[in-house]
Amino acid sequence: MSNKPLKGLKIIDFTHVQAGPACTQMLAWFGADVIKVERPGSGDVTRSQLRDIPNVDALYFTMLNSNKRSLTLDTKKPEGKAVLEKMIKESDVLVENFGPGALDRMGFSWERIQELNPRLILASVKGFSDGHEYEDLKVYENVAQCAGGAASTTGWWKGEQAGPMISAAALGDTNTGMHLAIGILTAYIGRQQTGKGQKVAVAMQDAVLNLCRVKMRDQLRLDNLGFLEEYPQYPHEMEAFADKVTPRGGNAGGGGQPGWILKCKGWQTDPNAYIYFTVQGHAWEPICDAIGKPEWKTDPAYTTPKARQPHIMDIFGTIEDWLKDKTKYEAVNILRKFDIPCAPVFSMKELLHDKSLRKSGSIVEVPHKERGSYWTVGSPIKFSDLKPEVTASPLLGEHTDEVLAELGYNKEQIAAMHAAKAV
Ligand code: CAO
């Protein structure tokens, strides 16, 4: 049995969809007692969204709500409100990601929460921060990617595919939930010092922006320099910098190491027969040896990053030529011997069946009462003394009576709540 550091931490999980649930799921993996509060009858909307098996909880729900308990509660009914009040008095954290003002309208403003339990940490996700000119907007993933700078800096700058582009990675949702988890744990440590809870808020726009830090760096450099030397537009399409707005850089490396996605054997039929190849400055000589171009090691047109940059795409073209009779796996197996930072482009199918990921617990199979079992993404954080064990997501209201009993309600009171449809 591994140690569970968050054991004893009681969390009211008043979250839905992805941003909030991702946060509380992670805390549950690490031992917190997470009670998901859901609307009677329907629950979290993701239970029924994009179902793959009729009448059972959708993967969207099961993959974001493992290790939790489920309590159904209509918090707009007086009986439901009373239960939530009791929970607030007895818990450490309340996490919510409702639309702006919803918690206040329900009667649980920050002031009221502090009256009920000054030790409680209230953790919220909203689209925009408090006081922001867009604070009233409801926000989903892609909206946040647009608002936080990811969309304007992702994708192609010319051709038919030109235009802002959304990432498939949940930069707005799960990423915001991860930021919130850091905020909650910080407030929890703070409470150990002060005895007081506090309100922790993460706006999805801010969480996306935090991941776009290097693009803000580029904007500041562009303001000063008028061009960005590591972008594929440099130096042949300088007009891309004319308006001094950070352009989209396709698959270019975001730092001082140029990189690109390169075609491997079979790319014509396999949409993922590619590798990412990085030209790390000090690895230039090994690269020349690896790709059979030893003459580039001494040719002044190639020896320094500055000399290479104007024709970096031609260099990538030569590397692609070398790759054309090698699968992505064969290519990486050669390049790894030369210490070149690279990896295959893995499809979701490959990742799902990846032996290393299954061995490390990054992909896990979880038994489920109604589905049989499901595969999910396990904890990306690894500890020496904690092996997170992923357990099934709860059925809707599976723990309602159990949680109410723990709160001190007797059988008759629980039956009355059922009769009033408050739970
Ligand atoms: N009992 C009674 N009422 C409940 C309840 C319960 N257990 N749970 C929720 N409700 C009520 C809320 O109080 C709210 O009521 P009012 O608006 O009438 O006051 C109502 O349900 C709707 O809540 P909502 O605004 O959160 O839901 P929505 O589906 O309209 O919006 C979303 C969804 C995600 C756009 C919105 O919640 C939001 O902007 N959240 C903040 C940002 C966020 O987290 N977005 C990411 C979601 S993950 O992709």
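**View 1. The annotated binding site at G255, G256 and Q257.** UniProt, in an unreviewed entry, places the feature "binding site" at these three residues, G255, G256 and Q257; the model shown here is a predicted one. G255 sits in the loop between α10 (213-225) and β7 (259-263), and G256 belongs to the loop between α10 and β7 as well. How accessible is G255? With a relative accessibility of 32%, G255 counts as partly exposed. G256, in turn, is exposed, at a relative accessible area of 70%. Setting aside neighbours within four places in sequence, G255 makes contact with R217 and E230.

**View 2. The open sheet β7-β8-β9.** Here three strands line up in the order β7-β8-β9, with antiparallel pairing, to form an open sheet. The edges are taken by β7 and β9 (342-344), each of which has a single partner strand, so one side of each is left without a neighbour in the sheet. From one strand to the next, the twist averages 20°. As a reminder, strands of a sheet pair through backbone hydrogen bonds, either parallel or antiparallel. Strand β8 (residues 274-278) pairs with β9 in the antiparallel sense over three bridges. Look for I275, which stands opposite P344 in β9.

**View 3. Helices α13 and α14 on the sheet.** Which strands of the sheet does helix α13 touch? Helix α13 (residues 312-323) packs on the sheet by touching β7 and β8, and the direction of α13 makes about 35° with that of β7. Helix α14 (residues 328-335) lies across β8 and β9, and α14 runs at about 25° to β8.

**View 4. The hairpin of β10 and β11, with T376.** Strand β10 (residues 363-368) and β11 run antiparallel and are joined by six bridges. A hairpin of three residues leads from β10 to β11. T376 is found in strand β11 (residues 372-377). Is T376 buried or exposed? T376 is buried, with a relative accessible area of 4%. Leaving aside neighbours within four places in sequence, T376 is in contact with M63, S362, I363, V364, V366 and V390.

**View 5. The buried face of helix α9.** In helix α9 (residues 204-211), the buried residues are M204, Q205, A207 and V208. Viewed down the axis of α9, these buried residues fall within an arc of 165°, so they line one face of the helix. What do the buried residues of α9 pack against? Their packing partners are β5 (121-126), α6 (141-147), α7 (150-153), α8 (174-194) and β6 (199-203).

View 6. A disulfide is a covalent bond between the sulfur atoms of two cysteines. With a cut-off of 2.5 Å between cysteine sulfur atoms, the count comes to zero disulfides.

Methods: Residues numbered from 1 in each chain as written. Predicted model: local features only at pLDDT ≥ 70, side-chain atom pairs only at ≥ 80, totals over all residues. Heavy atoms only, no water. Helix = DSSP H or I, 4+ residues; strand = E, 2+ residues; numbered from the N terminus. Buried < 20%, exposed > 50% of the residue type's maximum accessible area, 1.4 Å probe, protein only. Contact = heavy atoms within 4.5 Å. UniProt positions renumbered as here; feature names shortened; annotations may be inferred. Pairing = 2+ DSSP bridges. Axes fitted to C-alpha atoms, helices over the stretch in contact; angles between N-to-C directions. Arc of directions from axis to C-beta.
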